Amino acid sequence: TLTLQAKDAAGNNLSTGGSTVVFTRSGGSSTGTISSTTDNANGTYTATFTGVVAGTPTAILATVNSTSVSTASPTVQVLPGAISPVTSTLAVSSGTVVSGSGVTVTLQGKD
């Protein structure tokens with residue numbers, strides 16, 4: 001869950017909603033989808049990041065009423081899941097083999 005706490009110019013937490021907040025990601029090779037933002041009407045805004053492709057960390061950015069949030073951007077890294085027998089593939093280098101010879105068997109593990 002991505003959360004933005006809106007603050008006033010003095011750094012005080014706002015306790016009401018009404019702004020337009022948009023979350024995006026930038027950089028890194030991790031990818032994911034970001035849901036539409038929910039205004040919780042208490043000064044916080046939330047969206048859901050769902051990882052798609054594993055990779056290096058990606059920065060999470062936000063805008064409030066089309067103005068970029070200037071604080072340091074947190075990062076999120078998508079990691080591969082556990083190996084799945086359903087999506088993994090098995091291959092052999094040749095469909096036939098001479099007695100006493102060998103073939104290469106390759107398992108491509110996927111999550």
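Strand 1 and strand 7, residues 58–64, each supply at least two residues to the lining of the largest pocket. Strands here are DSSP runs of E with at least two residues, numbered from the N terminus. This is a predicted model, in which local features need pLDDT of at least 70 and side-chain atom pairs count only at pLDDT 80 or more, while totals for chains, interfaces and linings use all residues. Residues are numbered from 1 along each chain as its sequence is written, and side-chain values use heavy atoms, with hydrogens and water left out.

Back to the pocket. Its space comes to about 430 Å³. A pocket is an open set of points on a 1 Å grid over the protein atoms alone, where a 1.4 Å probe fits and protein lies on both sides within 12 Å along at least five of seven lines; lining residues have an atom within 4 Å of a point. The volume is the space filled by probe spheres set on the points, which are joined across faces, edges and corners. Which of the 20 lining residues are closest to the centre of the largest pocket? They are L4, Q5, A62, V69 and T71.

Buried means under 20% relative accessible area, with a 1.4 Å probe and protein chains only. Over the protein chain, 18% of the 111 residues count as buried.

Next, the sheet. Strands of a sheet pair through backbone hydrogen bonds, either parallel or antiparallel. This open sheet has 3 strands in the order 1-5-4, paired antiparallel. Strand 1 (2–5) and strand 4 (38–39) are at the edges with a single partner strand each, so one side of each has no neighbour in the sheet. Pairing requires at least two bridges found by DSSP. Strands 1 and 5 are joined by 4 bridges, with Q5 partnered by T44. Strand 4 and strand 5 (residues 44–47) have 2 bridges, and D39 stands opposite Y45.

Last, the whole chain. How many helices and strands does the protein chain have? The count is 0 helices and 11 strands. The radius of gyration is 23 Å, well over the 13 Å from the globule rule for 111 residues, so the chain is more spread out than a compact globule. That radius is taken over C-alpha atoms, and the rule is 2.2 Å times the number of residues to the power 0.38. Along its principal axes, the C-alpha trace spans about 80 × 20 × 20 Å.

Methods. Buried < 20%, exposed > 50% of the residue type's maximum accessible area, 1.4 Å probe, protein only.
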